[in-house]
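Please examine the sequence and the structure shown below. A short report accompanies them.

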Amino acid sequence: MDTQTIVDKLNEKMVVFRVVQVVFSLVSFALAGRELYFFYYIFSQPTAFRIVQVLGFDCFAGVLGFVTSLFLLVTLFFMHNLAHKFVVFAIEVINVIFYFVAFVALAANTGTVSCSAGATNDSTNILLTMCRIFQALTAFLVLTWLVWLSTAIINCMRIFVHKSYDNEGGNRHPSPPSNPPPSA
């Protein structure tokens, strides 16, 4: 299978990647927002300020990912001129960096927490729920990072390996004929 066939098949699958990016970004934003709400409004603990900053950054990464993936999904169908190959690649690299920083910061601040199921009272149940949501948020951030990384690699292949593709729609430039017609 040649590179052209691989790129053609990947272009068909780009819509699926974009929809997954929209959904995962929205879920990660919702989970980070819920935890931010609990730390900021329910507990009101100044000792948790560092985790509040991390959750705020995770919310920002979720919103950034949602807006940019929605933009890329819309330009995939309607506004092809706005989706220049270098603009798309730059957006994807920025999202790869932001999601990587988001999940590493969250994982570094939560540590290797083991959520034990032996909850006996309401405060322990709340902490157990928060612990499980931190684990789910970290998992969604990693999955979202992997999806953004895969689309960045696909677009990197489209730009640098196969230079006949110009934008998100995968439109090919006509290649010059290998044998020019004889002149009369």
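The report covers conventions, salt bridges and a surface patch.

## Basis of the model

This is a predicted model, in which local features need pLDDT of at least 70, side-chain atom pairs count only at pLDDT 80 or more, and totals for chains, interfaces and linings use all residues. Residues are numbered from 1 along each chain as its sequence is written, and side-chain values use heavy atoms, with hydrogens and water left out.

## Salt bridges

The structure holds two salt bridges, the term denoting a side-chain nitrogen of Lys or Arg within 4 Å of a carboxyl oxygen of Asp or Glu. One of them pairs E92 with R18, with 2.7 Å between the closest N and O atoms. This pair links distant parts of the chain, 74 residues apart: E92 lies in helix α3 (residues 85-110) and R18 in helix α1 (residues 3-43). Helices here are DSSP runs (H or I, at least four residues), numbered from the N terminus.

R34 forms a salt bridge with E35, where the closest N and O atoms are 2.9 Å apart. R34 counts as partly exposed because its relative accessibility is 30%, whereas E35, at a relative accessible area of 0%, is buried.

## Nonpolar surface patch

L70, V74, F77, F78, M79 and L82 make a nonpolar surface patch of about 570 Å². Such a patch joins nonpolar side chains (Val, Leu, Ile, Met, Phe, Trp, Tyr) within 5 Å, from residues with over 30% relative accessible area and no salt bridge; accessible areas come from the Shrake-Rupley method with a 1.4 Å probe.

F77 counts as partly exposed because its relative accessibility is 49%.

Key
Patches are made of residues with over 30% relative accessible area and no salt bridge: like charges are joined within 9 Å, nonpolar side chains (Val, Leu, Ile, Met, Phe, Trp, Tyr) within 5 Å. Buried means under 20% relative accessible area, exposed over 50%, partly exposed in between (1.4 Å probe, protein chains only). Helices (H or I, at least four residues) and strands (E, at least two) are DSSP runs, numbered from the N terminus.
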